[in-house]
Amino acid sequence: MTASPPLGQSRGRLWAEISLVLALSLGASAIYSVVSITNRLTRSEPLSQQTATLNASLSSRPTFDLIYQVLGISFDLAPVALVAFLLWRTTRPRLARLGIDFTRPGRDSLSGIALALAIGIPGIVVYLVGRNLGLTVNVVPAALDQYWWTVPVLLLSALRAGVTEEVIVIGYLYARLGDLGWGRWQIIISTALLRGTYHLYQGIGAFIGNIAMGVLFGWLYTRYGRVLPLVIAHTLIDAAIFVGYGWAAATFPDIIGPRTESTT
């Protein structure tokens with residue numbers, strides 16, 4: 001059965017809206033990732049010997065590095081504000097169509113923590129297996145110099161990833177694709193593929209692992225209809241990886257890999 005578009009919006013207008021939102025956010029990331037993995041796979045050195053660096057320094061001057069980092073995080077959250085504006089309701093809960101209502105903060109937090117613990121370790125295993133099989137590049141989650149603001153910026157970066165990915169890929173796309181009449185599993189699989197695609201720059205292993213994460217998160221969302229636990233889980237996982245990377249690289253250099261700059 002085909003659902004009717006929201007009042008005053010044609011199917012063409014909905015597709016245009018979705019395209020614009022993705023072009024300003026994770027759709028653009030997906031295209032860059034496809035180009036990046038193509039570039040990597042056509043090099044002489046194998047994937048396992050290449051490096052992708054997240055949270056790199058943006059200036060040799062600490063004050064300006066901080067300014068650039070904060071600006072980057074702030075502007076990356078603009079598409080989240082856009083989808084909140086697009087799906088805002090005049091009645092409470094205002095962000096219900098995004099799966100957000102803030103009515104159960106304690107329960108959502110506990111669910112997010114449990115989910116982070118459940119998928120965090122398997123995620124690390126998938127990464128290490130991918131590295132061992134030569135399917136994943138050496139991912140350096142944090143290459144910032146140590147300043148007073150380094151850890152706060154890394155935590156903000158983790159929050160940016162959790163909010164951006166879950167609110168747009170889960171909350172927004174599930175609402176809009178549902179408006180277009182897509183079925184439950186059609187939405188789950190397509191958005192999981194999108195999630196995997198914008199992580200392709202990290203290698204084939206990351207692509208597969210993030211598809212699996214997308215399917216799990218999508219299934220949980222269609223069952224419980226809540227985005228905040230997914231945001232919390234995603235943020236906690238990234239925060240642990242970003243902040244803990246320096247210690248892990250120093251303690252397990254043969255497993256984690258060298259702390260080098262990004263190969264683009």
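At roughly what angle do the axes of helix α3 and helix α6 cross, and within what distance do they come?

Reply: Helix α3 covers residues 62–76 and helix α6 covers residues 150–179; their axes come within 10 Å and cross at roughly 15°. Because an angle under 35 degrees counts as roughly parallel, α3 is described as roughly parallel to α6. The crossing in which α3 passes α6 is left-handed.

The residues that form this contact can be named. On the side of α3 they are Leu66, Gln69, Gly72, Ile73 and Asp76, and these meet Val153, Leu156, Ser157, Arg160 and Thr164 of α6. Sorted by class, the contact of α3 with α6 holds four nonpolar, four polar and two charged residues.

Helix α5 (residues 105–133) packs with helix α8 (residues 204–224) at an angle of about 160°, and their axes are 10 Å apart. The two helices, α5 and α8, are therefore roughly antiparallel to each other. Here α5 passes α8 in a right-handed crossing. From α5, the residues Leu115, Ile119 and Val126 meet Gly205, Gly209, Met213, Leu216, Phe217 and Leu220 in α8. The contact of α5 with α8 comprises seven nonpolar residues, two polar ones and no charged ones.

In an unreviewed entry, UniProt gives the feature "transmembrane region" for several spans, among them residues 66–88 and 109–129. In the model, residues 66–88 are 87% helix and 0% strand, with end C-alpha atoms 32 Å apart. Residues 109–129 are 100% helix and 0% strand, and their end C-alpha atoms lie 30 Å apart. The unreviewed UniProt entry also lists residues 148–239 as "domain: CAAX prenyl protease 2/Lysostaphin resistance protein A-like". Over residues 148–239 the chain is 84% helix and 0% strand, and the end C-alpha atoms are 17 Å apart.

Finally, a word on confidence is in order. The average pLDDT of the chain is 92, and 92% of the residues score at least 70. Over residues 260–264, however, the pLDDT is below 50, and this stretch has 15 contacts in the model beyond near neighbours in sequence. Where pLDDT is low, predicted coordinates should not be read in detail.

Technical notes:
Residues are numbered from 1 along each chain as its sequence is written. This is a predicted model: local features need pLDDT of at least 70, side-chain atom pairs count only at pLDDT 80 or more; totals for chains, interfaces and linings use all residues. Side-chain values use heavy atoms; hydrogens and water are left out. Axes are lines fitted to C-alpha atoms, for helices over the stretch in contact, and angles run from 0 to 180 degrees between N-to-C directions. Helices (H or I, at least four residues) and strands (E, at least two) are DSSP runs, numbered from the N terminus. Angles under 35 degrees count as roughly parallel, over 145 as roughly antiparallel, 65 to 115 as roughly perpendicular and the rest as oblique. A crossing is left-handed if the near helix is turned anticlockwise from the far one by less than a right angle, and right-handed if clockwise. Contact means heavy atoms within 4.5 Å. Ala, Val, Leu, Ile, Met, Phe, Trp, Tyr, Cys and Pro count as nonpolar, Asp, Glu, Lys and Arg as charged, and the others, Gly among them, as polar. UniProt positions are given in the numbering used here, feature names are shortened, and annotations may be inferred rather than shown by experiment. pLDDT is the predictor's confidence in each residue, from 0 to 100.
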